[in-house]
Amino acid sequence: MQSTRLPLSGIRVLEFSHAVMGPTSGLILADLGAEVIKVEGYPDGDSTRRLSGFGSGFFTFFNRNKQSIALDLNTQQGKDVIYHMLPRIDVIIENYAPGSMESFGLGYKTLQPINPRLIYCGLKGFLTGPYENRMALDEVVQMMTGLAYMTGGKKSPTRAGASIIDILSGSFGVISVLAALHEREVTGKGQKVQVGLFETGAFLMGQHMTYAALHGTPIPSMSERVSSWGIYDLFTILNGELFFVGVTSNSQWERFCRVFDRPDLYADPRLRNNEDRVCSRAWMIPQIQETLAHLSKSELIKKCDLAQLPFAPVGTPEDLFSDPQMVEGHNLLRVSLPNGETCNLPTLPIEMRGQKASLRHQPPLFGEDTKSVLDEFGLELKLGKDSPTKDCQQNESLFGKEE
């Protein structure tokens, strides 16, 4: 998406967020061309700037292409800045705890009269219902909805290896915002939209709930699942490496048997179609394992490509830095890290007009755009002696000026 005008050019967003869910919504909108202004609380900023462990990558990855302004929303001056900006804002995104935005005087009911065209996206743990005032986290929802059970089983429920509930909820936030913007074109009015972590997790479990309703039996976890496909498994290959191979159609079965030189399996009447192969897995899968065991990863990739099968060597996140599809497909952006170095990180998994989203703004320093943004909105910034950076808001330094 390198053209001068990006799909969401002209849309201006205020993002009140932290962690993953809210920043994901802002990231997607920003990558698609919206002007996303991240409002960080003075004097500490987004707490994810300081996380360690797995959280140490949150801020850098989810906050590119945004501007950062620092405001103390506990002061009238900080609130007044938002009120002043609001008529020129299209969208607000927030994923604070229930009631937080209202406590700042920035709830939808307060802001809607100032800008009736405003789209206000609340990203919460739970939507309307008995749990709506509870706090929630990605892992909480994975445990509640059965995702952790599906991943690890009843005795060792295991969260997925990425913040998939947060990220999908943030993506649903973008869907709701785009739908509301489209409706605004018809009605001229904005609205409040909400997305819930819990409800997102439940949506993911819909396929398994359907299984339970159809079969009337307890749902097995993924480790004990009854496969829908004859071959859909990890196999141990040369040097003890693991390699996934799937055979999900009769034409794939024919190609598998031909390329891997197993005419005996193709001729076996017990393996004619997928349903037959599912019923024969107990004796068939050991046969497939024997066929693949002596092959190296590179040999197996070549054969699976030749047979046009779904396949995958078992990788790690680090492998993506050098993966040919990521590198040669231009799916990586060179992003600055907090330690002063840079690395390549994934772009949006979207192409429009044959182009991908670009990097227009590195993940911002805390408050680095405060002065330039406030100047754009006709507000003057006077720096106090305790300001952490030359562009960072001191909570008694805002004075309006004529536009």
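Biologist: What is the bridge partner of I119 in β6?

Modeller: In β6, I119 is bridged to Q191. This is a predicted model, by the way, so local features need pLDDT of at least 70, side-chain atom pairs count only at pLDDT 80 or more, and totals for chains, interfaces and linings use all residues. Residues are numbered from 1 along each chain as its sequence is written, and side-chain values use heavy atoms, with hydrogens and water left out.

Biologist: What makes β5 and β6 a pair?

Modeller: Two strands pair if DSSP finds at least two bridges between them. Strand β5 (residues 119-124) and β6 share six bridges in the parallel sense, so they count as paired. The strands themselves are DSSP runs (E, at least two residues; helices are H or I, at least four), numbered from the N terminus.

Biologist: Why are β3 and β6 called edges?

Modeller: The open sheet has six strands in the order β3-β2-β1-β4-β5-β6, with parallel pairing. β3 (66-71) and β6 (191-196) each have a single partner strand, so one side of each has no neighbour in the sheet. From one strand to the next, the twist averages 20°.

Biologist: How do you know that α9 packs on this sheet, and at what angle to β6?

Modeller: Contact means heavy atoms within 4.5 Å, and helix α9 (residues 197-204) touches β5 and β6. Its direction makes about 60° with that of β6. Axes are lines fitted to C-alpha atoms, for helices over the stretch in contact, and angles run from 0 to 180 degrees between N-to-C directions.

Biologist: And what makes the other sheet antiparallel and open?

Modeller: Its three strands run in the order β7-β8-β9 with antiparallel pairing. β7 (231-236) and β9 (311-313) each pair on one side only, making them the edge strands. Six bridges join β7 to β8 (residues 242-247), with Y232 partnered by G246 in β8.

Biologist: Which residues have the most contacts inside the largest nonpolar core, and why is it called that?

Modeller: A nonpolar core is a set of buried Ala, Val, Leu, Ile, Met, Phe, Trp, Tyr and Cys residues joined through side-chain atoms within 4.5 Å; buried means under 20% relative accessible area (exposed is over 50%, partly exposed in between; 1.4 Å probe, protein chains only). The largest has 30 residues, with I11, V13, L29, A34, V91 and I93 having the most contacts inside it. Helix α8 gives the most, five residues.
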